[in-house]
Amino acid sequence: MNLLFSIDDNYFEQLKTTLFSLRNNTPNTFFRVFVLQKKKFDWENEFKKFCSALNMCYKPLIIGANDFKYAPVTKRYPETIYYRLLAQDYLPKDVEKILYLDADILCINDISSLYDLKLNSYLYAAASHSQLTNLTTVVNKVRLQNYDTEQYYNSGVLLINVVQARHIINHKIIYDFIREKRATLLLPDQDILNSLFGDQILSLPDQVYNFDARKNLTYEMISNGTWDLDWVINNTIFLHFCGKEKPWEKNGKGKFAALYKHYAHLSKLTAAKID
């Protein structure tokens with residue numbers, strides 16, 4: 001399986017926790033771990049050893065200094081917003097499908113059901129959090145003037161049809177969109193994804209593949225109590241720790257913070273054994 005991440009130096013430990021949780025819940029699978037980055041990280045050798053211990057192979061994707069010199073970039077729109085949308089330009093030719101994950105995600109069940117999905121002509125498979133608040137979808141349709149797309153998809157979990165992406169997506173499409181719409185963009189990479197490619201996304205159930213860890217009570221309510229803690233532990237693939245408060249912080253809160261800290265602890269023990 002091919003995995004894709006895009007992080008900076010501040011998310012090194014979190015990435016290791018995500019990978020450990022993936023390995024723990026999807027055994028007997030070899031992973032190639034591609035990480036988009038501006039330049040080589042100082043912790044590259046350490047991370048290679050960590051991945052090797054998990055039967056994973058680390059593959060850095062170095063963007064370089066000049067690739068986005070013509071991209072519209074401001075403090076609000078950093079260069080990194082382009083990376084996941086243009087990942088197909090940097091991946092090896094043999095990669096036809098890849099799973100992109102944010103590094104604030106915890107895997108708690110086998111990911112095979114997601115990775116094995118047939119994308120056919122779809123560009124992506126992704127989940128929307130719109131059922132948690134229908135108002136969000138309406139507001140985003142008006143804001144982005146994108147009335148044909150049924151959902152506003154979260155870009156934290158993306159199964160990418162790399163073959164299709166190579167044919168359809170290029171720098172110019174994205175640059176031109178940002179120049180035209182920059183005044184209305186709130187979550188730039190996610191807005192771009194939905195505005196340009198929302199009608200080419202295969203919809204996934206978020207309670208399974210992109211569970212917003214802040215909203216556990218809302219999930220229970222909209223499912224009439226079905227999606228309770230026991231259901232999540234048995235059925236959910238990814239817990240996504242959206243928002244500003246993160247479970248790795250000292251005073252991390254929320255029902256799933258302890259579970260995250262447990263995986264983080266085991267990840268650190270694995271790293272310590274390597275040393």
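Me: Two strands count as paired when DSSP finds at least two bridges between them. How many bridges do E5 and strand E10 have, and in which sense do they pair?
Reply: This is a predicted model. In it, E5 and E10 (residues 238-240) share 3 bridges. The cut-off is at least two, so E5 and E10 pair, and the sense is antiparallel.

Me: What is the order of the open sheet of 7 strands?
Reply: The order is E3-E2-E1-E4-E7-E6-E8, and the pairing is mixed. The edges are strand E3 (56-62) and strand E8 (201-204), each pairing on one side only. From one strand to the next, the twist averages 25 degrees.

Me: How do you know that strand E1 and strand E4 pair?
Reply: E1 (residues 2-6) and E4 (residues 97-101) are joined by 2 bridges. At least two are needed, so E1 and E4 qualify as a pair; they run parallel. Within this pair, Leu4 stands opposite Tyr100 in E4.

Me: Which helix packs on the sheet and touches E1, strand E2, E3 and E4?
Reply: Helix H1 (residues 12-25) does, and its direction makes about 160 degrees with that of E1. Helix H2 (residues 44-53) lies across E2 and E3, at about 145 degrees to E3.

Me: How many bridges join E4 to strand E7, and how do these strands run?
Reply: E4 and E7 (residues 157-161) are joined by 5 bridges and run antiparallel. Leu101 has Val157 as its bridge partner in E7.

Me: Why is E4 called largely enclosed by the rest of the structure?
Reply: 4 of its 5 residues are buried, so E4 is largely enclosed.

Me: Why is helix H7 also called largely enclosed by the rest of the structure?
Reply: H7 (residues 188-197) has 10 residues, and 9 of them are buried, so the rest of the structure largely encloses this helix. Among the buried residues of H7 are Pro188, Ile192, Leu193 and Phe197.

Me: How do you know that the buried residues of H11 line one face of the helix?
Reply: The buried residues of H11 are Ala257, Tyr260, Tyr263, Ala264, Ser267, Thr270 and Ala271. Seen down the axis of H11, they fall within an arc of 140 degrees, so they line one face. An α-helix has 3.6 residues a turn, so residues three or four places apart point the same way. The buried residues of H11 pack against H1, H2 and strand E5 (105-107). On the other side of H11, Ala258 and Lys273 are exposed.

Me: What span does helix H11 reach, and what is expected?
Reply: H11 (residues 257-274) has 18 residues and reaches 26 Å from its first C-alpha to its last. That is close to the 26 Å expected at 1.5 Å a residue.

Me: Are Cys107 and Cys242 called buried or exposed, and why?
Reply: Buried means under 20% relative accessible area. Cys107 is at 1%, so it counts as buried. Cys242 is at 10%, so it counts as buried too.

Me: Why is Asn28 called exposed?
Reply: The cut-off for exposed is over 50%. Asn28 is at 81% relative accessibility, so it counts as exposed. Asn28 lies in the loop between H1 and E2.

Me: Why is Asn55 called partly exposed?
Reply: Buried ends under 20% and exposed begins over 50%. Asn55, at 42% relative accessibility, falls in between, so it counts as partly exposed. Asn55 sits in the loop between H2 and E3.

Me: What is the phi of Asn28?
Reply: Phi of Asn28 is near 60 degrees, a positive value in a residue other than glycine. Phi of Asn55 is also near 60 degrees. Most residues other than glycine have a negative phi.

Conventions:
Residues are numbered from 1 along each chain as its sequence is written. This is a predicted model: local features need pLDDT of at least 70, side-chain atom pairs count only at pLDDT 80 or more; totals for chains, interfaces and linings use all residues. Side-chain values use heavy atoms; hydrogens and water are left out. Axes are lines fitted to C-alpha atoms, for helices over the stretch in contact, and angles run from 0 to 180 degrees between N-to-C directions. Contact means heavy atoms within 4.5 Å. Buried means under 20% relative accessible area, exposed over 50%, partly exposed in between (1.4 Å probe, protein chains only). The expected span of a helix is 1.5 Å times one less than its number of residues. The arc is that of the directions from the helix axis to the C-beta atoms.
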